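Biologist: Hi! Could you walk me through this one with me? I'll just ask things as they come up.

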Amino acid sequence: MKIVYFTHSLASCWNHGNAHFLRGVLRELIILGHEVRVYEPEGAWSLRNLLADHGEAGLLPYRTAYPELTSLTFTADADAAALCDEADLVIMHEWNDPALVAAVGRARAQGGRFLLLFHDTHHRAVSDPKAISAFDLSGYDGVLAFGETLAAVYRHWGWKDRVFVWHEAADIRLFHPPSGAEPRSGTVWIGNWGDGERTKELGSFLFAPARAAGLPLDVYGVRYPAEALATLKRHGIAYKGWLPNVRAPATFARHRVTVHVPRRFYVESLPGIPTIRVFEALACGIPLVTAPWSDCEGLFRPGTDFLVARDGAHMTAHLRALDSDADLRAALVRNGLETIRARHTCAHRASELLAIAAALAGTPTPSSMLEPVR
């Protein structure tokens, strides 16, 4: 099958978590023998920021880890129909310009012989619904939503049985435990500061508990304003800046524990949707403690795959326990890996995508499509 994916950027993961998942799932599709073509807009802001901060050297980790992947840039006046030429399946990520989204929809509606899916991996459907309603999706065959609660929003908007839950997942070819028993110490948090939607929670569930537990805390990410950096300094936290996502496994491998602090939208409005970092951390075999978050879809086994802290004092107790109890750490690592490998790899998601495409086309998924090309 010939698959075209329109992304914001495949090359840059600078404040762009979707690139993590996209790289993994596209590699799996290539391994299965499908032809994959990726387009990203000229001047994408994620790539522009990465190059401004780190130059071409900032792209080397991605290029080294994913030699199978390439992407093509297009200009604003590109012929959308030509970009989809000979495709069997076209997927449009929601971080694209509304004009492009509409143009590809028109190409499909005017006789394009490809299935067309809209891929939503953000909270704008509830936090900024006007932004999503600006998209003309009338020519689209279906929607891929990265969680059931987001899918429910699209069903309410009339998509009914044409919306499909397609969770993110871990690329376990890259995200796996280290081969050797390296020394580990302290806590690590990899995450971007964002727009203030979890500032209070970071203080309550990460900064204060790590300090109270006496654990050093390393923080990686971008978009930390001056006041955020001052907060980190006040808590004695080491800020390490942008981390190429492909280096996250090695970073997790140097630490004893990591913490998940969900953005408020994924606690209050879209429960049940973990960020991709939860999948990646568990795949790397690092014990994880999360702030309150409802796993209403039953993706994991809370309390077994990871620990859940009901408040800051509880988080502090969990961090102390994990720092001192090797058996507890080993159990969480074992259980988290078990769940990831059984249900949440990019290979699982590639199979799910092929099944969705086959269902929309009215044909069962041939088993040969789910086996790697030999």
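Biologist: How many residues does helix H15 have, and how far does it reach?
Modeller: Helix H15 (residues 326-343) has 18 residues and reaches 26 Å from first C-alpha to last, close to the expected 26 Å. That expected span is 1.5 Å times one less than the number of residues. Helices (H or I, at least four residues) and strands (E, at least two) are DSSP runs numbered from the N terminus.

Biologist: What should I know about the model itself?
Modeller: This is a predicted model, where local features need pLDDT of at least 70, side-chain atom pairs count only at pLDDT 80 or more, and totals for chains, interfaces and linings use all residues. Residues are numbered from 1 along each chain as its sequence is written, and side-chain values use heavy atoms, with hydrogens and water left out.

Biologist: Thanks! Which residues of H15 are buried?
Modeller: Arg329, Ala331, Leu332, Asn335, Gly336, Leu337, Thr339 and Ile340. Buried means under 20% relative accessible area, exposed over 50%, and partly exposed in between (1.4 Å probe, protein chains only).

Biologist: And what covers them?
Modeller: The cover includes helix H13 (276-283), strand E13 (307-308), helix H14 (312-324) and helix H16 (346-361). Contact here means heavy atoms within 4.5 Å.

Biologist: Which residue caps the N-terminal end of H15?
Modeller: Asp325 does, with a side-chain oxygen 3.0 Å from the backbone nitrogen of Asp327. A polar contact is a pair of N or O atoms within 3.5 Å; within protein, one must be able to donate a hydrogen and the other to accept it, and residues adjacent in sequence count only if both atoms are side-chain atoms.

Biologist: Switching to the sheet: what is the strand order?
Modeller: The 7 strands run E3-E2-E1-E4-E5-E6-E7 in an open sheet with parallel pairing. Strands E3 (72-74) and E7 (163-165) are the edges, each pairing on one side only. Two strands pair if DSSP finds at least two bridges between them.

Biologist: How many bridges join E2 and E3?
Modeller: Strand E2 (residues 35-41) and E3 pair over 3 bridges, and Tyr39 has Leu72 as its bridge partner in E3.

Biologist: Last topic: how many disulfides are there?
Modeller: The structure holds 0 disulfides, a disulfide being a pair of cysteine sulfur atoms within 2.5 Å. For Cys346, the nearest cysteine sulfur is that of Cys284, 12 Å away.

Biologist: Is Cys346 buried or exposed?
Modeller: Cys346 counts as buried because its relative accessibility is 1%.
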